[in-house]
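This briefing sets out the ligand site, the nonpolar core and selected residues of one protein model. Please read it alongside the sequence and structure shown here.

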Amino acid sequence: MIILKITIIGSGFVGATAAHILALKNIVDEIVLIDILEGVPQGKALDMTQSSAIENFKTKIIGTNSYEATKNSDIIIITAGIARKPGMTRDELLQTNVKIVSSVVKQAVQYSPESILIVVSNPLDAMVYTAYKTSGFPRYRVIGMAGILDTARYKTLIADRLNIDAAKIDCFVIGSHGDTMIALPRLTKADGKQLDKLLTKTEIDEIVSKTKNGGAEIVGLLKTGSAYYAPASSIVEMITAIVNDTGKVLPCCVFLNGEYGIKNIFVGVPVILGKEGLKEIVEIELNDEELLLLNNAADAVRELSGLVDCFLADEK
Ligand code: APR
């Protein structure tokens, strides 16, 4: 019997919520939650397991501090990292999370050399690159979660504004998971109609800007910590696409190799995921202005990835 096993590294808000949503879906055999904090993954796994007596799912959930228990995972989700602390510069945060992500990836891939890595830790684009460099995995097995979340935020804002079901909105948010995030209003359809036929430019600009600010708005409200429900749902969407080979087109952060005229950098674009990981990069037709924005996003990520290279070289 083939066992479908998912490891989630980092059993904090995002990791644990993703584990529970995934368990409720009952589509995998085993979830391993791992963390450096002793007792936390074990306690959360036990709590979730007890919910199975009510929710009736069969997925086994294990909490551990040891990578041995993650052996032969099909997919590894990386949510480990720290949030920016007061007084910490962006570069200091980057350096700390490069250390954490590279260390967890090194340990995890030893036990699961054929796994697919899904990176969630922030700053996302730089952390996917860190996992790619550290693992030595081919590009189709290292994917970042960002676009699904950003697109969900964009859809929610449009749905609220037009008072329609978010499921009736067709759109993608691409680019980076940061300042160079790109919503594509020209290609956005609500209930089959082009968005610019339904809303004014000012209204669309406001939605696009709120989308970019979506994560920061939640951080501002929570005061400590950042979003985790929608990020967790986005992770589960990716896992579902992989294990069920759904063929659904999803925006994800992947390593471009000439697609969109961009090479050797991770950027968010629409893709199809499948059993092997990244199955196909979907090249939607972008106009010159949109292509320029995508190139700007790639340049911003390239700059951060350069810093990652320096930090990784220092570690050696
Ligand atoms: N090994 C394993 N786990 C680690 C390590 C490590 N080296 N370092 C930190 N962790 C764990 C922490 O102990 C914590 O339980 O990662 C977990 C992170 O959880 P939270 O602090 O609750 O953060 P969360 O809200 O889950 O966000 C995780 O996802 O969306 C991104 O920006 C977010 O980078 C952040 C990540």
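**Ligand site and overview**

By class, the shell around the ligand comprises 8 nonpolar, 6 polar and 1 charged residues. In this classification Ala, Val, Leu, Ile, Met, Phe, Trp, Tyr, Cys and Pro are nonpolar, Asp, Glu, Lys and Arg are charged, and the others, Gly among them, are polar. The model is predicted: local features need pLDDT of at least 70, side-chain atom pairs count only at pLDDT 80 or more, and totals for chains, interfaces and linings use all residues. Residues are numbered from 1 along each chain as its sequence is written, and side-chain values use heavy atoms, with hydrogens and water left out.

**Contacts with the ligand**

- The ligand is surrounded by 15 residues, and the closest are F13, V14, D35, T79 and N122; a residue is near a molecule if one of its heavy atoms lies within 4 Å of it.
- V14 places a polar backbone atom 2.8 Å from an oxygen atom of the ligand.
- D35 has a polar side-chain atom 2.6 Å from an oxygen atom of the ligand.
- At I36, a backbone N or O atom lies 3.5 Å from a nitrogen atom of the ligand.
- A polar contact is a pair of N or O atoms within 3.5 Å; within protein, one must be able to donate a hydrogen and the other to accept it, and residues adjacent in sequence count only if both atoms are side-chain atoms.
- On its own the ligand has 720 Å² of accessible area, of which the protein covers 82%; accessible areas come from the Shrake-Rupley method with a 1.4 Å probe, and for residues only the protein chains shown count as cover.
- The elements that contribute two or more residues to the shell around the ligand are α1 (13-25) and α3 (90-111).
- Helices (H or I, at least four residues) and strands (E, at least two) are DSSP runs, numbered from the N terminus.

**Nonpolar core**

- In soluble globular proteins, nonpolar side chains tend to be buried together.
- The largest nonpolar core has 55 residues, and those with the most contacts inside it are I77, I239, C252, V254, L273 and L294.
- Such a core is a set of buried Ala, Val, Leu, Ile, Met, Phe, Trp, Tyr and Cys residues joined through side-chain atoms within 4.5 Å.
- Buried means under 20% relative accessible area, exposed over 50%, and partly exposed in between (1.4 Å probe, protein chains only).
- The greatest contribution to this core comes from helix α9 (residues 229-244), with 8 residues.
- Both domain 1 (5-144) and domain 2 (147-309) supply at least three residues each to this core; the domain bounds come from an automatic or database domain assignment.

**Backbone geometry**

- Most residues other than glycine have a negative phi, and most peptide bonds are trans.
- N122 and P123 are joined by a cis peptide bond, with omega about -5 degrees.
- P123 belongs to the loop between β5 (116-119) and α4 (124-135).
- K223, a residue other than glycine, has a positive phi near 70 degrees.
- K223 is located in the loop between α8 (214-222) and α9, and K223 is exposed because its relative accessible area is 67%.
- D245 is not a glycine, yet its phi is positive at about 50 degrees.
- D245 is located in the loop between α9 and β12 (249-257), and D245 is partly exposed because its relative accessible area is 32%.

**Buried residues**

- E259 sits in the loop between β12 and β13 (263-274), and E259 counts as buried because its relative accessible area is 14%.
- A polar atom of the E259 side chain lies 2.6 Å from the backbone nitrogen of N257.
- N97 lies in helix α3 and counts as buried at 1% relative accessibility.
- I148 belongs to helix α5 (residues 147-162) and is buried at 11% relative accessibility.
- I148 and I235 are 87 residues apart along the chain, and their C-alpha atoms are separated by 8.5 Å.
- T151 is also found in helix α5, and T151 is buried, with a relative accessible area of 6%.
- I118 is in strand β5 and counts as buried at 0% relative accessibility.
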